Amino acid sequence: MRDHILININGTTHRIEGDASFQTLANYLRQDVAATGTKTVCEEGDCGACTVLTRRSADVDYRPVNSCILNLAQLDGSSIVTVEGLRASA
Ligand code: FES
């Protein structure tokens, strides 16, 4: 049994252990990753300011989620794209 989770954020894999696994994705993005383009306003899933894209595997499309109401432990193995990870295509 693993004692950590793995989440890919904007192309970088993050290994998260212990109590840190139970914080919200929004707080982790803002405080640990410095991805402050993800905003928090209502922190209860209503306003959408914290929206990021996520997918569980490479064969499915990314879907928007409210990162303020998801714990990291729920996202083990997922890929996340924040506004910082978006690139304009030429
Ligand atoms: S902060 Fe409002 S939906 Fe997440």
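Two bridges join β1 to β5, and these strands run parallel. Strands here are DSSP runs of E with at least two residues, helices are runs of H or I with at least four, and both are numbered from the N terminus. Two strands count as paired if DSSP finds at least two bridges between them.

This is a predicted model: local features need pLDDT of at least 70, side-chain atom pairs count only at pLDDT 80 or more, and totals for chains, interfaces and linings use all residues. Residues are numbered from 1 along each chain as its sequence is written.

**Overall fold**

- The protein chain has one helix and five strands.
- Along the sequence the pattern reads β-β-α-β-β-β.
- The radius of gyration is 13 Å, close to the 12 Å that the globule rule gives for 90 residues, so the protein chain is as compact as a globular protein of that length. The radius is taken over C-alpha atoms, and the rule is 2.2 Å times the number of residues to the power 0.38.
- The C-alpha trace spans about 40 × 30 × 20 Å along its principal axes.
- Of the 90 residues in the protein chain, 21% are buried. A residue is buried if 20 or more other C-beta atoms lie within 10 Å of its own, exposed if 12 or fewer, and partly exposed in between, with C-beta atoms placed from the backbone.
- Among contacts with a separation of 6 or more, 55% link residues 24 or more positions apart. A contact requires C-beta atoms, placed from the backbone, to lie within 7 Å.

**Sheet**

- Five strands form an open sheet with mixed pairing, in the order β2-β1-β5-β3-β4.
- β2 and β4 stand at the edges, each with a single partner strand, so one side of each lacks a neighbour in the sheet.
- Neighbouring strands of this sheet are turned by 35 degrees against each other on average, direction ignored. Axes are lines fitted to C-alpha atoms, for helices over the stretch in contact, and angles run from 0 to 180 degrees between N-to-C directions.

**Hairpin β1-β2**

- β1 and β2 pair in the antiparallel sense over six bridges.
- The two strands form a hairpin with two residues between them, and Asn10 in the turn has a positive phi of about 50 degrees.
- His4 stands opposite Glu17 in β2.

**Nonpolar core**

- The largest nonpolar core has 15 residues, and those with the most contacts inside it are Ile7, Leu25, Ala26, Leu29, Leu72 and Leu75. β1 (4-9) and α1 (25-31) each supply at least two residues of this core. α1 gives the most, with four residues.
- Such a core is a set of buried Ala, Val, Leu, Ile, Met, Phe, Trp, Tyr and Cys residues joined through C-beta atoms within 7 Å.
- Beyond four places in sequence, Ile7 touches His14, Ile16, Leu72, Leu75, Asp76, Ser78 and Ile80.

**Ser79 in β5**

- Ser79 lies in strand β5 (residues 79-81), and Asn8 stands opposite Ser79.
- Ser79 is partly exposed, with 19 other C-beta atoms within 10 Å.
- Leaving aside neighbours within four places in sequence, Ser79 is in contact with Asn8, Thr54 and Arg55.
- The C-alpha atoms of Ser79 and Arg55 are 5.4 Å apart, across 24 residues of chain.

**Asn66 in β4**

- Asn66 is found in strand β4 (residues 63-66).
- Asn66 is buried, with 21 other C-beta atoms within 10 Å.
- Not counting residues up to four places away in sequence, Asn66 touches Gly45, Gly48, Cys50 and Thr51.

Notes: Two residues are in contact if their C-beta atoms, placed from the backbone, lie within 7 Å.
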